Amino acid sequence: MKVAYERYHIAVKEAPPRVKLPPKFMVTRYNNCTNVQECMQACVYGVHEAGKDGKIAEPIHDLCRGCYMCVLKCPKSAISIGMNPEFEKLGNSYFSPDMIKTIYFEAETGRVPVSGAGYTGPFAGEGFDGIWFDFSEIVRPTRDGIHGREYISTSVDLGRRLQSLKFDQKHELVSNVPRTVEIPIPMIFDAPLSCRTGPNLQLALAKAASELKTFAILDAREYSSELTRYTASLIPRIKPDEIDSFENLVRMSQIVEVELSDGDVEDQLRNIKAINPSTLVCFYFPYDDEAPERADTIVKTGGDIVHLHVEDDAVERDPDVIKNAIRSVHSYLVEKRTRDSITLISSGGIGEAAHVPKSIILGANAVAVGIAYQIALGCRVCHGGKHSEDCPINVEDEDVELAAQRITNMIGAWRDQLLEVLGGMGLREVRRQTGEVGRAMFHEDLEAKVFGEKE
Amino acid sequence: MMQAELLFRTPETRPMPSPYPGSIEKYEVIIDRPKCSMCGICAEVCPSCIGSSTIDYEAYQKPDGYLRLAVPKISCTGLSCKRCVDKCPTNAISVKLSPQYVALGDLRWTGDLILSTWEQAETGRISRRYESRVGNSGGGFDKLRFDFELDGEGICQDGLLDVEDRDTSLALNKRRDGRPEIRIPIPVYGADMSFGSVSLNVMLARAKAAEAWDTFTSTGEGGYPDELIQYMDHVITQVATGHFGVTAETIKRARIIVLKYAQGAKPGLGGHLLADKVTPDVAKIREVVPNISLFSPFPFHNVYSVEDHYRHVQLMEDINPKALISVKVSTPTDVDMVAIGSYYAGAHILQIDGGFGGTGAAPDIAKKNIAMPVEYAIPIVHNYLVKEGVRDEITIMASGGIRTAFDVAKAIALGADGAVIGTTELVALGCKRCENCERGKGCPAGIATTDPALMYFIDMGWGSQRIINLYSSWKKQWSYILHKLGLKSIRELRPRCEVEFRGGRFNHMAHLDHLR
């Protein structure tokens, strides 16, 4: 019997953080406080409470949301609210403290971040921050995906596609249709930073990938035996000269990722397909000026997936690099008329939900989420994400169940936000968003259109 | 036209201070106690900080051993003065930005803009103490300057005193279609904020202020509370996709009806009112069950084309043949097409709500990432309507991120006729934009809440006077801008032809420069 239709659902569940973030605000009570307790009346969040002795206790900074009512209502001006320097130190110039706080919220609750008051950030920025989505108004219908009233598909297919089908004279299909793997969300997990990799993190990641019905990339050399039950959700990343030594992994895996080298791509492909003819081969390479040609070579030699990576450090130095990377590769393949033959996965600089549809609208089919899921587990990107020994959070101490739930929650919240964007744009499926730059507005274009070209 | 101006009564400005004993000061004066010889010179040289020679030595000790002068109600003018610092014989005084000021506000609404708006709401005057014209967002209005601003210093009351009032009135019906001519004395009216997102007291305060200024405020999409009926000549009825509390009666009552097709804070999405704020009172007026989150559908399911749009406008005109129709849209890539569609559908007013608009609750992803900022949309729409030869038959109101009198003037110089003001009115009532309006009891300051215990923080009379004062201050600033530009009326500020910038300069009137 055919399995009944099942609607994709991400089971989010409260998952408190193991290590709390430092509070955003610091509330100081000076010692001219006369204990009139106006602050207690004023605060609706419970920052100011009386202790057992009836005296007002130390403020609970964690609960403060910066409304200043205690400051205004204190008859003695005995309270001050300021930014917490510990909070401001979080992250780096790209992964801002507020971005980290948002990921924490998403990982804990699985909910879409909603807030009052208008937008509070910069007018526009570099990279993803210089892109606005179009939406539908009056003349184009939107779709209501988030509240479940209309179905919006977030599935994407990984693998090669034919440009056309061929039939013989008896109308039988003669084209050899390549195998594809469908994932229900346009997100997979990139391999963890080498400094963080440990059995717990790998297990949590594999578990989350399996529950989300997507994939996690892991370095083949760091596979542990415990991961065996999750092989269906894992993509081993292999160096080209080690293909033979990981023969077993290649045989077990639906998708194999090979680090692109100067070696013969065709040869490597043949090697892998000889071991496992049905596996999909993904080529992974960092972005540089030759990335478009590299991608084209991969398509022409028969690779199934291109994984274009931009180092997080590079994005931090110049956020525009991720935008340029995806656009240049996508456009080059469009020009070569090979874009539709292959799947393009991009990674790097993904730090909030909006970055997923933005990567896709720039030309990716799916993204590999990297450091964001580590932030969900407590990473603070303190040393550019590259330090090793002295991690104050030590992601490895995380409980596997809880960690997997937090990753799942974050992706659940991200998918709901993806639905918000797709719904607003009136798109029925995320597949149709790939490369739709006509439905995006770029800061530099609008600036030139309205305020004139730079001189 | 000056005659028309004379017909308007200007409401009286009355001081309306904060009801709270505390305040948020921009600067902090710190006295190093061991060094201080208690000579009192600081108090003598201080023009405003300490005010008189009787220093209030009721200072208190900070944990680190420093003394902080208790100057709760007295405002230091800050780092540009520093007389006390310079004259102190023992170098015991330092002046710095106070930590609360540093933590206040955000890039769009800086601490200065919030404090300046409060000051204007309290006194109807503007001072040089705060940057009152632009925020720090790094684009749009914050990068546009009028010519005269480029070399001048900050604006303050002294510069405004001897400027005579200019005509700032705006005619809302430009179609000459036999419907009422409505002219408002200031080129702004109040934005749509529903009962539920804000309290009844706030709605009444806004309506009373709108009456005093002979302009408008709007119901938002949450129905028309009976208490508002006394101000019905100044209340716009909004018809939004949720149709909460919308009846033929509330449509017939209004002189202007706004059809909300989209909202800048959440373009492409319907309105949100989370469960906690759906109190029994709110539920009753919205005709829904209490304590359930309300998500308005999106879009109007009877409008999927310009033809549908035309019929929708006609439907409103059939119900109320005397009302002007305003169409509220946000800013997609083809906002110019939407605008011309609305013109042909029969709209009198087109409200363009830019992507950074205010909200009681919206997903963060929508606030930041969907739709273009209004600074781009205004000239795009204006130019297109000029090209189509219909610009003078429709009124364009800009909204979504318009914070100050200067923002309004810049929006007009970019091609709008006027602006719709939401957040700033709330800031005048004491909002600090802490972004907590969406859930729980809502606003701890009693503005964006329907919690009975909180909503009484806002007294209606107090609130309306604060908004009246704010617009008094704005009107003076518009007169000042017109005076500086040598214009007689604010209508002359709006370009007649297409807006085009060359090398950052506005080609037509050379009023506006875009800084790189």
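What share of the contacts in chain A with a separation of 6 or more is accounted for by residues 24 or more positions apart? In this predicted model, such residues account for 67% of those contacts. Chain A contains 14 helices and 15 strands, and 49% of its 455 residues count as buried.

**Overall layout of chain A**

- Chain A is divided into domain 1, residues 25-88, and domain 2, residues 156-448.
- The C-alpha centres of these two domains of chain A are 47 Å apart.
- The C-alpha trace of chain A spans about 95 × 55 × 55 Å along its principal axes.

**Helix α11 of chain A**

- Helix α11 of chain A covers residues 355-362, and eight of its eight residues are buried, so this helix is largely enclosed by the rest of the structure.
- The buried residues of α11(A) are A:H355, A:V356, A:P357, A:K358, A:S359, A:I360, A:I361 and A:L362.
- A:I360 belongs to this helix and counts as buried because it has 27 C-beta neighbours inside 10 Å, where 20 or more are required.
- Leaving aside residues up to four places away in sequence, A:I360 touches A:P186, A:V430, A:Q433 and A:T434.
- A:I360 and A:R294 are separated by 66 residues in sequence and by 20 Å in space, C-alpha to C-alpha.
- Just after α11(A), A:G363 adopts a positive phi of about 140 degrees.

**A helix pair in chain B**

- Helix α5 (residues 111-123) and helix α17 (residues 460-485) of chain B pack with their axes 6 Å apart, at an angle of about 105 degrees.
- This angle makes α5(B) roughly perpendicular to α17(B), because angles of 65 to 115 degrees are classed in that way.
- From α5(B), the residues B:T117, B:Q120, B:A121, B:E122 and B:T123 meet B:R466, B:N469, B:L470 and B:S473 of α17(B).
- The residues of this contact divide into two nonpolar, five polar and two charged.

**Contact between chains A and B**

- In the contact between the chains, 85 residues of chain B meet 59 residues of chain A.
- Elements of chain B that give two or more residues to the side touching chain A include β2 (60-61), α4 (99-103), α10 (306-319), α11 (335-345) and α13 (374-387).
- Helix α12(B) supplies the largest share of that side, six residues.
- The residues on the side of chain B that touches chain A divide into 44 nonpolar, 28 polar and 13 charged.

**Backbone features in loops**

- Most residues other than glycine have a negative phi, and most peptide bonds are trans.
- The peptide bond from B:F298 to B:P299 is cis, with omega near -10 degrees; B:P299 is in the loop between β13 (294-295) and α10 of chain B.
- A:R337, in the loop between α10 (320-335) and β13 (343-347) of chain A, has a positive phi near 60 degrees.
- A:R337 counts as exposed, with 9 C-beta neighbours inside 10 Å.
- B:A371, in the loop between α12 and α13 of chain B, has a positive phi near 75 degrees.
- B:A371 counts as buried, with 34 C-beta neighbours inside 10 Å.

Terms used
Residues numbered from 1 in each chain as written. Chains lettered and ligands numbered in written order. Predicted model: local features only at pLDDT ≥ 70, side-chain atom pairs only at ≥ 80, totals over all residues. Domains from an automatic or database assignment. Helix = DSSP H or I, 4+ residues; strand = E, 2+ residues; numbered from the N terminus. Buried ≥ 20, exposed ≤ 12 C-beta atoms within 10 Å, placed from the backbone. Contact = placed C-beta atoms within 7 Å. Axes fitted to C-alpha atoms, helices over the stretch in contact; angles between N-to-C directions. Parallel < 35°, antiparallel > 145°, perpendicular 65-115°, else oblique. Nonpolar A, V, L, I, M, F, W, Y, C, P; charged D, E, K, R; others polar.
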